[in-house]
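Trainee: I'm new to this one and would like a close look at a single part. Could you pick a spot and walk me through what surrounds it?

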Amino acid sequence: MSRFGALLGVRLRRDAAQLALWILGTAALAGLTYVGVTGSYGTEQERAALLATAVANPVILLFRGLPSGAGEGAFLGFLILPFLVMLAAFMSSFLAVRHTRADEEEGRAELVSATPAARLLPLAATVVHAVIANTVLALLCAAAVAATGLGVRGAAVLGLATGAAGLTFFALSLVAAQLVRTSRAANAVGVWIIMASFVLCGVGNAAGTPSADAQRVESGWLAWLTPFGWAENTRPYDRDDLAPLLLCALAVVVLVGAALALQGSRDLGASLLPERSGRARARASLAGPFGLAWRLSRGALLGWAAGGLVTGVLATRLSAVLDQVSTQVPAVQVLTQALARDGSLAQAAVVIFFTMLGVLASCCAVQSICRARQEEARGTAEPVLSASVGRLHWFAGHAAVAGLGILATVVGGILGAAVGIASLADADWSLLETVLVTGAGQAVAAAVFLVLTALVFVVAPRLTIPAGWALVVVGMMLGLFGPLFGFPQWLTEVSPIAVAPTVAGPDVDLRGLVWLLLAIVLGGGASALLMRRRELAPAG
Amino acid sequence: MDAVITTESLRKQYGRAAALDGLDLEVAPGEIHGFLGPNGAGKSTTIRILLGLVRASAGRATVLGGDPWKDAARLHRRIASVPGDVSVWPNLSGGETIDLLARLRQGRDSDRVAYRRERERLLEVFELDPRKKGRAYSKGNRQKVALVAAFAVPAELYILDEPTSGLDPLMELVFQRELARVRETGAAVLLSSHILSEVEQLCDRMSIIRSGRVVETGTLAELRHLTRTEVSFEVPHGAVLPAFPDAHDLVVTQGRARFTVDSDAVAAVLPELARFGAPGLRVEPPSLEELFLRHYGGDGAGHPDSSGR
């Protein structure tokens, strides 16, 4: 095998399982959305009504694609294309960092660069690896959509747009990984670029020019700055225009060229942005297992709390807009009613957004528990446990930080919701009861994910990270998207976030609170008992 | 006085592979005990059991009079340790890591002034910059972080797993001085190593481990008794060699005669050597390396332990 082939082969082997999950998940989302579309917006009139509302209320355009008419295929693109692009973007961005800066950080790059493969060949292999991954993603997305019977041409455009945008974000992160010193920082830059592009594109679309029949929007210039805008302007099943993807191609060529130039000129392990030196002495707070866990997770916690704050603002701020949509589109009404039971539509909006808040809080909790596993696998748990720290005490530090993360995220959401209410012209403070009850309920639901992940950590350490995230993804798919995809109620209610206490009309509905609390007590007790008897499980 | 560390028929299974297969080890108070063996022989597994990080599958281990698994946290107040594969937190500076580990060991009510003084002294002798972030440290510097953290708080027992790996020869000397210092305080040390010269210089007694068992234990002098001393001298051209009692494997090559005798029978061959004259006589006691090769040489090299732990 050639050197290049060997480098590419090791990348494909290392990522096979992970990329299969990303790609199949993305394709499945594309296919499932068709089910949702035909289920919830079966007729042309319903779709036209929703599009008209979206065009009239630009806030909705922030979270959806570019309206391109009420045809089934075009409507599907409007609903889901930005999210397909987002998944491809995350997959590609993490891939870029994993095979460049992370390899460098772990010393693998040094091993490889010392062979005749030298400095540029591994980077070239990473580029080809990303092209392959995005091509497969594009093909499977197209196949999933074409399989619904919508037509091959539009499906191909949709797939190509997704793959091309994914590759563009790959190239952006490839450059980011050249500029910063650590893989953590490079991943953070990648995520921020993706989220900022998503919002910029949404603002660009919202500020665009609507057509006379309120079924289409021409993107504003802000949207044209982002790969999201380029992908959406292909308008699958409408104009089927591949020309905007030339911008993706141009960006990829320029950015990959820049990455190669940087890689060729800098020292191994060096970066353009230097790293600051640390403190010579530890602060007093860095003492016990909790102090350590807090120090390691505090940055992430702050991020989740900020996400909670934004979600909270949207929950109450958007409800005015949603009110209009729901009265005009029966399908939306059905969806929101299903989640809110018999409450008002403002309540329904809060419930939907706070269910998302529950997902955020669960992610925060799972991430903090995964940190404990990373500590163990990386070898930094060993010196702590070799000091005067019991096994349970050590893990309790991480679990406590996870609990604190749930609290921070939910309190952030509640504060945001209060800000949202206060910012409305006719502030309706009665909504605050819904906010508080739903927020507390979702905190309990998130605690269930904490406890379940903790149990996995204690019983099957090596599965902690995949199992923890899988639990959250499944919980979200069932609890948040289940009603949209028309899943049966019992299946939806398997998800803790779907059975957390809420408010229905004037009454507090406890729903599955007892079961959630029972799961927390039993799972928490079992974890604590078993943790006392658990051996260190290093990586390998 | 009771032993500081005792293990009896200690076993550890990882699935089907036996990492430890009936290990008997004893470390006396105040001694530096060498723990010798090639990679994968079970040194690190033994140390992890002694620190209560993993639990023995069978057998008994006692550390400072307690059960290392059940009393882990309590015992660790009296134990300092350096793990075999030192990892540090990438986003904590070396100084923060050292302070954190010291606080985890000693609690808040300890003598802070003494700790600070000791910390400063160690940073100076090990030439370590405490402001660098963990990820910026080389292997040797990570090792120094672990060593400073271990030596900065007094302990009754030091459990050190290949503590000098990655250190340069100057730093190895610094380490040896620190080890001598803690021995002065009466502490015991279990020093795992595969660097024979280090063990030969530092250790009072040693145990040689192979495939999860201790195959030899004692002082270097005691271990030497088990082996043969090599005797060699020049044979002038045409001279006839006398018969040496107890000599083994006598050969003459390039004008030099060589043979080995049991180490406790060297005196028996001296009269005959004196009579012969034996110009250029050399009597070489076996080095630790030879002891070691006796256990691992030949087929030993073909027995890499399967567990890798």
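Mentor: Keep in mind that the model is predicted. Let's begin with A:Ala408, which sits in helix H17 of chain A, a helix covering residues 391-423. Its relative accessibility is 27%, so A:Ala408 counts as partly exposed; the cut-off for buried is under 20%. A:Leu302 is 106 residues away from A:Ala408 in sequence, yet their C-alpha atoms are 8.0 Å apart in space.

Now for the nonpolar cores. The largest one has 116 residues, and those touching the most other members are A:Trp394, A:Phe395, A:Ile406, B:Leu157, B:Tyr158, B:Phe175 and B:Leu179. Another core, of 66 residues, lies apart from that one, and A:Phe78, A:Leu81, A:Val175 and A:Ala223 are among its members. Leaving out residues up to four places away in sequence, B:Leu157 touches several partners, including B:Val4, B:Ile5, B:Val63, B:Leu64 and B:Arg78.

Over in chain B, there's also an open sheet of 3 strands, in the order E2-E1-E4 with antiparallel pairing. Strands E2 (17-27) and E4 (58-63) of chain B are at the edges with a single partner strand each, so one side of each has no neighbour in the sheet. From one strand to the next, the twist averages 25°. Strand E1 of chain B, residues 5-14, is joined to antiparallel E2(B) by 8 bridges, and B:Tyr14 stands opposite B:Ala17 in E2(B).

Conventions:
Residues are numbered from 1 along each chain as its sequence is written. Chains are lettered from A and ligands numbered from 1 in the order in which they are written. This is a predicted model: local features need pLDDT of at least 70, side-chain atom pairs count only at pLDDT 80 or more; totals for chains, interfaces and linings use all residues. Side-chain values use heavy atoms; hydrogens and water are left out. Helices (H or I, at least four residues) and strands (E, at least two) are DSSP runs, numbered from the N terminus. Buried means under 20% relative accessible area, exposed over 50%, partly exposed in between (1.4 Å probe, protein chains only). A nonpolar core is a set of buried Ala, Val, Leu, Ile, Met, Phe, Trp, Tyr and Cys residues joined through side-chain atoms within 4.5 Å. Contact means heavy atoms within 4.5 Å. Two strands pair if DSSP finds at least two bridges between them. Axes are lines fitted to C-alpha atoms, for helices over the stretch in contact, and angles run from 0 to 180 degrees between N-to-C directions.
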